[in-house]
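Please keep the sequence and the structure in view while reading.

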Amino acid sequence: MGKRTCIAVLAAVVAAAGFGVVPMTARAATGDCLASVGGVDLNRATMAELQTALKRGVLTSVRLVEAYERRIAAFDRAGPKLNAVRHLNANARAEAARLDRERAAGKVRGPLHGIPVLLKDNIGTSDAPTTAGSIALAGNRPKLDATVTANLRAAGAVILGKTNLSEFANWVSLTMPNGYSSLGGQVVNAYTMGDPSGSSSGSGVAGSMAFAAGTVGSETQGSILSPSDANSLVGVKPTVGLVSRTGIIPLAASFDTAGPMTRSVADAATMLGAMVGPDPRDPVTSVSAEHLPRGNDYVAGLRKDSLKGVRLGYDPDYSDPVVDDAIATLTDMGAVMVPISQASTIDTVAVAELTFIPNEFKYGLNRYLATEAGAGLPVKDLTGIVLYNNDHPDEVKYGQDLLVASDASAGDGNLMALAIPFVAATRAVLDGWLEQNDVAAIVGPRANFVAMGAAAGYPSVAVPAGYDGAEPGGITFAGTAWSEPRLLSYAYAFEQATLRREPPTVVNPDLLTGVCS
């Protein structure tokens, strides 16, 4: 979950008025002494630019890994102690060296070859623990990589490590803050030194601080889009079924998915292309092959002029400076903005989706522990986790009311069919808005369409749009099933026309104190 409850998400979004749009040209140059490696600025370089440097021999993958590890040591472990990264892969340099040798031999797997990435710590890695932030799962070394992990490795990505998260995807306690876990502690937003948003909080902060070239998050409701918004990142919440969930510790399978979180739209498109596709172990992905672009290439469809003449829906009942400016910018770019009122429908969906989570979480977690988790854990099911937590109140310091409530549910896989008509009804509402108003997508005020897209299993793309002082704000393009190529292109056009994103070290230069001074 992106917040403790969907209503909390929407309330926080609505309350966060007062954004001012600060263009990149108004910011001072960065004084980040750890940003440059081989003449490449890690805060701003795209994956394509990193590939160019690797091809020319200006960089090696090993040097990239070392540079990111230095940044993590300086900013995450020391300095401001952002606590975004829970675990570093001891084999990362060896993996990078192997990929450097492949490159030298003339073998380049693709645009992710030798590129270091970080994974949210609910995404399975057979060579490192996968914990969901739980002290009860601290020793969980899964039998196999998650399919997402395996796909990224096959594409040539270096798995640099795992990021902290809101424990069990923010499904532990209503009072637990975003970014906290009993195992990893509290993640801190690098821009504001406050709320990193959840539950992919570590992926959001690590991505914003260039602790890797890109990060991966997961979402049930807002957990990619909300931390992307809060950490000035591009976040892609894919159509459920585009990306396999096998090997990811689940929250609610009817709504779960994984997706990239990056500093540019092109990088998000690059990572998405490596993550997608059918997986026989996740039947919901069986139809995804029919909807993939040629060669799984989402970058090829990115166009700066993609918004010209496009009809986009927006909520006329919501207004603040960042949204108003974004709508004006979209209009200037040739988009036709169509007002669509929807606030009451979103609130209804927000509440309704939550009702399915307790049963699905208990069933999915118990199944994961029985079939995918590693050996030797002190717990075998959700009941065991609740009891284990009771013995460790100092770590589980915000309580575990959501875990207890979920454990009291039936945990019955057959009851998951109850979500099917709800998902279908939500899809009908969204599709109805699109069709009745003849719009290609809906532009949300920051994360306002989190609930609708999550409940429908439909895609959304978040993109930075400005700052209120140090606080980032973005907009979200939401569409119908399998519309990722179109949404990415719209986000790319907006990004390239505005170039609003700035690194945290520019917006919040106090981060550099004790690190670069």
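By class, 7 nonpolar, 5 polar and 7 charged residues make up the lining of the second largest pocket; Ala, Val, Leu, Ile, Met, Phe, Trp, Tyr, Cys and Pro count as nonpolar, Asp, Glu, Lys and Arg as charged, and the others, Gly among them, as polar. The model is predicted, with local features needing pLDDT of at least 70 and side-chain atom pairs counting only at pLDDT 80 or more, while totals for chains, interfaces and linings use all residues. Residues are numbered from 1 along each chain as its sequence is written, and side-chain values use heavy atoms, with hydrogens and water left out.

**Second largest pocket**

- A pocket is an open set of points on a 1 Å grid over the protein atoms alone, where a 1.4 Å probe fits, with protein on both sides within 12 Å along at least five of seven lines; its lining residues have an atom within 4 Å of a point.
- The second largest pocket holds about 420 Å³ of space, a volume being the space filled by probe spheres set on the points, which are joined across faces, edges and corners.
- Its lining comprises 19 residues, and R44, R263, S264, E495 and L499 lie nearest the centre.
- Two or more lining residues come from each of helix 9 (265-275), strand 14 (460-468) and helix 17 (484-498); helices (H or I, at least four residues) and strands (E, at least two) are DSSP runs, numbered from the N terminus.
- Helix 17 supplies the largest share of this lining, with 4 residues.

**Largest pocket**

- About 960 Å³ of space lies in the largest pocket.
- Of its 35 lining residues, R245, A253, D282, P283 and V284 are the closest to the centre.
- Helix 12 (357-371) and helix 15 (419-436) are the elements that give two or more residues to this lining, and helix 12 gives the largest share, 6 residues.
- The lining of the largest pocket has 19 nonpolar, 6 polar and 10 charged residues.

**Aromatic pairs**

- The whole structure contains 7 aromatic pairs, in which rings of Phe, Tyr and Trp (its six-membered ring) have centres within 6.5 Å; planes under 30 degrees apart count as stacked, over 60 as edge-to-face and the rest as tilted.
- F168 and F361 form an edge-to-face pair, at 5.7 Å centre to centre and with 70° between the planes.
- Because F168 lies in helix 6 (residues 167-170) and F361 in helix 12, this pair ties together parts that are 193 residues apart in sequence.
- F168 is buried at 3% relative accessibility, and F361 is buried at 0%; buried means under 20% relative accessible area, exposed over 50%, and partly exposed in between (1.4 Å probe, protein chains only).
- F477 and Y490 form a tilted pair, with 6.3 Å centre to centre and 50° between the planes.
- F477 lies in strand 15 (residues 471-478) and Y490 in helix 17, so this pair joins parts 13 residues apart in sequence.
- Both F477 and Y490 are buried.
- One aromatic cluster is formed by F255, F356 and F422.

**Backbone features**

- Most residues other than glycine have a negative phi, and most peptide bonds are trans.
- The peptide bond from G198 to S199 is cis, with omega near 0°, and S199 lies in the loop between strand 7 (185-186) and helix 7 (201-208).
- M193, a residue other than glycine, has a positive phi near 60°; M193 is placed in the loop between strand 7 and helix 7 and is partly exposed, with a relative accessible area of 39%.
- W482 is not a glycine, yet its phi is positive, at about 65°; W482 is found in the loop between strand 15 and helix 17.
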